[in-house]
Amino acid sequence: MVRSRVTEIAILSDQSRYSNKNTFMTAAMSASLLALQTIDKIYPNGTVALQGVDLTVGAGEFISLVGPSGCGKSTVLKLVAGLGTPTDGAIHWQCPPEQHNLAFVFQDPALMPWASVVDNIHLPLKLKGQSLRSVRAKIQAAINTVDLCGCENSYPRQLSGGMKMRVSIARALVTKPHILLMDEPFGALDEMTRSRLNSDLLHLWEEKHWTVLFVTHNIYEAVYLSTRVIVMAARPGRVVADIPIEATYPRTEAFRTSSHFNHYCREIMAALSVAESIGVG
Ligand SMILES: Nc1ncnc2c1ncn2[C@@H]1O[C@H](COP(=O)(O)OP(=O)(O)OP(=O)(O)O)[C@@H](O)[C@H]1O
Ligand SMILES: [Mg+2]
């Protein structure tokens, strides 16, 4: 893959590569973090969820997976998370073990209804044996980061859908993940809230140097957020297109209304209609 800015970006140090807001990244430009190599996943009932899936994830990328229902998007995330093993093929981690630290954010914020915001965010640390007193400052920092100051003692029933999702993101944040796996996290939210959370998520991604694997059915969201969009087809689940989104960060409202943006949306829609037609029957 030859890109005019490769040389310029390759000479940046890791730190500056992430913090240079006028760059975009593709897998070719960033160090490889992990690679899925010809992955097949056949569930015990015989469903072929994935067949021959190859996917390289570069450090610091924001990759969205789009595709029809049942094409294996969630299966890809689960395999990366180690929640199940491939039937064939392998996942190769190409970074030191300390960078395998990942967090999973689901569509349903899955908060404990009987616990306050602080106690919900404390959960993953509590499971590691860390007392609330010892990590109170970390939890407060996560709450501040997702803009939930003042809601520390609220219960989930007292929060809006968008606020609950912020708690879920804060709960992922306190574990200091390198990799964030997000499975349709904003699918149930209204358009305004989704748009706001998209911007906030991008801001955090740049600040925290995360690598994100993000599942969505929303093409506009995928284009707005991603360094790359992977289009998948179903029956069996496979990758049919890998589209780098070559636009600078931070992404602005102007990007959302640009012809560049529309061009990518049309390209992904076309790949999706091919994916849907080959997945039928
Ligand atoms: N535990 C399981 N046992 C058997 N089949 C499964 C299991 N989990 C998923 N599947 C099947 O594997 C295929 C891929 O499922 P997966 O959940 O990964 O799709 P998806 O792309 O995330 O779909 P959606 O967009 O609806 O969430 C589907 O046919 C699904 O029914
Ligand atoms: Mg799914």
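Two residues are in contact if their C-beta atoms, placed from the backbone, lie within 7 Å. The model discussed here is predicted.

Q: What share of the contacts with a separation of 6 or more joins residues 24 or more positions apart?
A: Such pairs account for 74% of those contacts in the protein.

Q: Why is the set of 66 residues called a nonpolar core?
A: The name applies because a nonpolar core consists of buried residues of listed types, including Ala, Val, Leu and Ile, joined through C-beta atoms within 7 Å. The largest such core has 66 residues, and Ala170, Leu180, Leu181, Val212, Leu213, Val231 and Ile268 have the most contacts inside it. Helix α6 (residues 161-173) supplies the largest share of this core, six residues. Domain 1 (6-101 + 177-278) and domain 2 (110-176) each contribute at least three residues.

Q: What makes a residue count as buried, and what share of the protein is buried?
A: A buried residue has 20 or more other C-beta atoms within 10 Å of its own. Buried residues form 36% of the 281 residues in the protein.

Q: Which residues come nearest to ligand 1, and what is the make-up of the shell?
A: Of the 13 residues around ligand 1, Tyr43, Ala49, Ser69, Ser74 and Thr75 come nearest. The shell divides into three nonpolar, nine polar and one charged. Helix α3 (residues 73-81) gives the most to this shell, with three residues.

How values were computed: Residues numbered from 1 in each chain as written. Chains lettered and ligands numbered in written order. Predicted model: local features only at pLDDT ≥ 70, side-chain atom pairs only at ≥ 80, totals over all residues. Buried ≥ 20, exposed ≤ 12 C-beta atoms within 10 Å, placed from the backbone. Helix = DSSP H or I, 4+ residues; strand = E, 2+ residues; numbered from the N terminus. Domains from an automatic or database assignment. Near = placed C-beta within 6 Å. Nonpolar A, V, L, I, M, F, W, Y, C, P; charged D, E, K, R; others polar.
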